[in-house]
Amino acid sequence: MTFALRVSGASKSYGSRAVLRDVSLDLPQGQLLTLLGPNGAGKTTLIRSICGRVRLDQGEIELLGRKLSPSGDRSPLGFVPQDFAIYPDLTARQNLEVFGRFHGVTRRRLRYEVDEALAWSLLIDRADDLAGDFSGGMKRRLNIACGVLHHPAVVLLDEPTVGVDPQSRERIFEMLDELRARGTAIILTTHQLDEVERRCDQIVVIDSGRIVAAGTLDQLIDATVGRDQELVVTLDRHPLRVPAHFALEADGITLTRRLSQGVRDLSLAIAEVQLLGCRVEQLSVKTPTLQAVFLKLTGKELRE
Amino acid sequence: MTFTVIRVQLLKLWNSKPQLLLTFFVPVLFFSIFALIFGKGLKGSAPGSLKIAIVDEDQTDLSRAVIADLAQDEALVVRTIGGAKIGSEASSDDKEAEQTVPLEQAEEWIRSAGIVVAVQIPAGFEAAEDDAPEGRVRLLADLSDQIAPRLVAAEVQRSVGRHRVEAVIARARAAAILRRLLARSPRDDQPVRDDANGDASNTPQSGPPNESESAGSPPQSPFDGPVFPPWYVVPGQSTGGDANDLTTALGSVVSPEAEQAGAVSQVGEAQVDTIDFFGGSKQNPIVAMYAAGIAVMFLLFSANNAGEALLIEQETGTLERMLTSRLGLNRMMLGKWLWMLLLGTTQTTVMFLWAQAVFQVDLWGHLEGFAVMTLATSAASASFALFLATLCRTRSQLQAVSVVLILSMSALGGSMVPRYVMSDELQSVGLATFNAWALDGFNKVFWRDLPISSLGPQVGVLAGVTLILGLTARLLARRWEQD
């Protein structure tokens, strides 16, 4: 099978600090792979190394079946950095023209591609306005459009939805869906876990430069937190005792219990709570989420 | 709360070292530079700072005496054909003779900036009437230096005046002595007419001496003629008056009262004509030099702004994006450099077009030289800006470094203050800036009307600067290539 992108044994250190440790991943064409990890985990370094901006100490990268040298041709790649890497004092159209030319789009095709990109990013009405005057969401969309104007086979997006409203975020993920539908392979770093759950084919969790888990959402859930639902009960006061199979959360009033037997466990659990003599303020049943997987794999402590 | 506002500003200033540098270091630096330029370093006050040549067509005692004076003036260096710079040690007749050069040679030296002034003492100068053309010293001057001709003119006037007064006194004394001798002669029955020592018994006469004789018979001795040379004007009289009224005249010359009244300085004062060697046929020629000075300084600022764009691109991630495209670092830097070159060339051209339209600077007449110098200067500026942009890590660093460097280079290189007012030492320091070379080149083109071939040193230095700074910038930019 030919992958759009393969990373094998990628390692990188700055002095004694290892930022990538033997990272490997495969990305088939038309798939969306999300890199998850706390801040400083090595996600951006991995993306920059794929772009050729970081020279790996070890490991290799293959693009469309072709091994990439550190300074080799990466024209089948599209890169969308986390910052607004556009010229604020150029119009949206001019930005697209400029980056189209940088990516080798011929002058003959440029106008067509720019119009297409403007329509795709819903910026056609503001095509001749300065990018610096755009809202955050519009800048994000233009930022993405500039990175994919040349129809790359693989697009790397570093947190493309930071600081945008829900509507813009939704539109950005729709744009990514459209790209994927065209057969473009995408690597994405984001902290929007709900979107990842909905749209991603593969999830790779990185922590401290190492891949700690990889697979589909179901695979990750099975491998980490399991498929059991969880009962969460918030009481009005601290209970005198903790019932069997329950756990008391740090706030002292929230009890949790895994429901491995489904509804049968639920009825038993509720009966046990009633025996505590406390008033139930809130009760919910949660299914396993990516957030739970993420916290399970990387811990809850801050990494900044 | 007001104190907190002040504290915030103080902390911001303290945390921004470049800003701190701009606030406290730069003013001190510029004060020092201008103190050096206008203080002890001012040209003319330093020994050997003015280079001149002397064209002695008179070859008389007076002209030789003037040459000796000029040669002994510590501020002047008299250039000779042999190349020797004759200074205060030159006093013998031989050396004085060597100090004069043909007029053509002096003109050539002015044209090639070897000297700033040529002193031409015309034939017949010593014997000339006051208002005769040959009685006027000519200074062929490169008026791009507006100070040197005035200093040399003052020195010439002082020297000629002094020697003429000495000549008057010497002739008067000689005449008095001889007349006294003649008066004692047995066959001389004429009364003594005058006495330099002012003997009261020999009352000075007014009017021509020995009127009775001069009216009817020729003088009987060579000393019966005028005592004073024709240029001499008796102080206090609009016309010559009775120049042969020896006692009156000498008294006016040598008495302390007369000296106090400034009479000595009036006696024999030389008429000096300063001739604009280059600008005579030009309209508003000095403006071309100032246009070049301002153009070079703003060329640096513009190029620096363009270089700053590189750091902005780095900070916004645009540079990273460009470098992941097909563009690559080499083409990106070449593009930046070419843009700065284009911008600088256009900017300088616009300035000179304006100078031509409004100030009658002859741009079309010097188009080739202008093109060569503009391209060379813009290229050097572009490399300089790229060098600074790649040297600095942040925009605030660049701002601080560029302000210090550009203003220092402009001050020392002649963009702000003409280099001719600076001492030789400061002028030498100025050559470390490419402003100085650029301005010298524009000067050759617009002021000296020299051919393009004469621009070799200037273009060579600017091309060297372009190459060295450009390559250094490329090396420094390696930090952007890959981590």
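Trainee: How far apart are the end C-alpha atoms of helix α13 (residues 328–359) of chain B?

Mentor: In this predicted model, local features need pLDDT of at least 70, side-chain atom pairs count only at pLDDT 80 or more, and totals for chains, interfaces and linings use all residues. Residues are numbered from 1 along each chain as its sequence is written, chains are lettered from A and ligands numbered from 1 in the order in which they are written, and side-chain values use heavy atoms, with hydrogens and water left out. Helices (DSSP runs of H or I, at least four residues) and strands (E, at least two) are numbered from the N terminus. With the expected span taken as 1.5 Å times one less than the number of residues, the 32 residues of α13 should span 46 Å, and the distance between the end C-alpha atoms agrees with this, at 45 Å.

Trainee: Which residue takes a positive phi just after α13(B)?

Mentor: The phi angle at this position is about 60 degrees. The residue that adopts this value just after the helix is B:Q360.

Trainee: How many helices and strands does chain B have, and what share of its residues is buried?

Mentor: The secondary structure of chain B comprises 19 helices and six strands. A residue is buried under 20% relative accessible area, exposed over 50% and partly exposed in between (1.4 Å probe, protein chains only). Among the 483 residues of chain B, the buried share is 49%.

Trainee: What part of the accessible surface of chain B belongs to carbon and sulfur atoms?

Mentor: Accessible areas come from the Shrake-Rupley method with a 1.4 Å probe, and for residues only the protein chains shown count as cover. For chain B the surface totals about 23,100 Å². The part that belongs to carbon and sulfur atoms is 60%.

Trainee: How many residues of α17(B) are buried?

Mentor: Helix α17(B) has 14 residues and reaches 19 Å from its first C-alpha to its last, close to the 20 Å expected. The helix is largely enclosed by the rest of the structure because its buried residues number 13 of the 14.

Trainee: Which residues lie nearest the centre of the largest pocket?

Mentor: On a 1 Å grid over the protein atoms alone, a cavity is a set of points where a 1.4 Å probe fits but cannot get out, a pocket is an open set with protein on both sides within 12 Å along at least five of seven lines, and lining residues have an atom within 4 Å of a point. Grid points are joined across faces, edges and corners, and a volume is the space filled by probe spheres set on the points. The largest pocket has a volume of about 960 Å³, and elements including α16 (424–430) and α17 (434–447) of chain B each supply at least two residues of its lining. Of the 39 lining residues, those nearest the centre are B:R419, B:Q427, B:D440, B:N443 and B:R448.

Trainee: How many residues in the lining of the largest pocket are charged?

Mentor: Ala, Val, Leu, Ile, Met, Phe, Trp, Tyr, Cys and Pro count as nonpolar, Asp, Glu, Lys and Arg as charged, and the others, Gly among them, as polar. The lining has 18 nonpolar and 12 polar residues. Its charged residues number nine.

Trainee: Which residues does A:V204 contact, leaving aside neighbours within four places in sequence?

Mentor: A:V204 is found in strand β9 (residues 202–207) of chain A and is buried, with a relative accessible area of 1%. Contact means heavy atoms within 4.5 Å. The residues in contact with A:V204 are A:L33, A:T34, A:L35, A:L36, A:I211, A:A213 and A:A214.

Trainee: What is the relative accessible area of A:H245?

Mentor: A:H245 is in the loop between β11 (229–235) and β12 (247–248) of chain A. Its phi is positive, at about 75 degrees, although it is not a glycine. The residue is exposed, with a relative accessible area of 62%.
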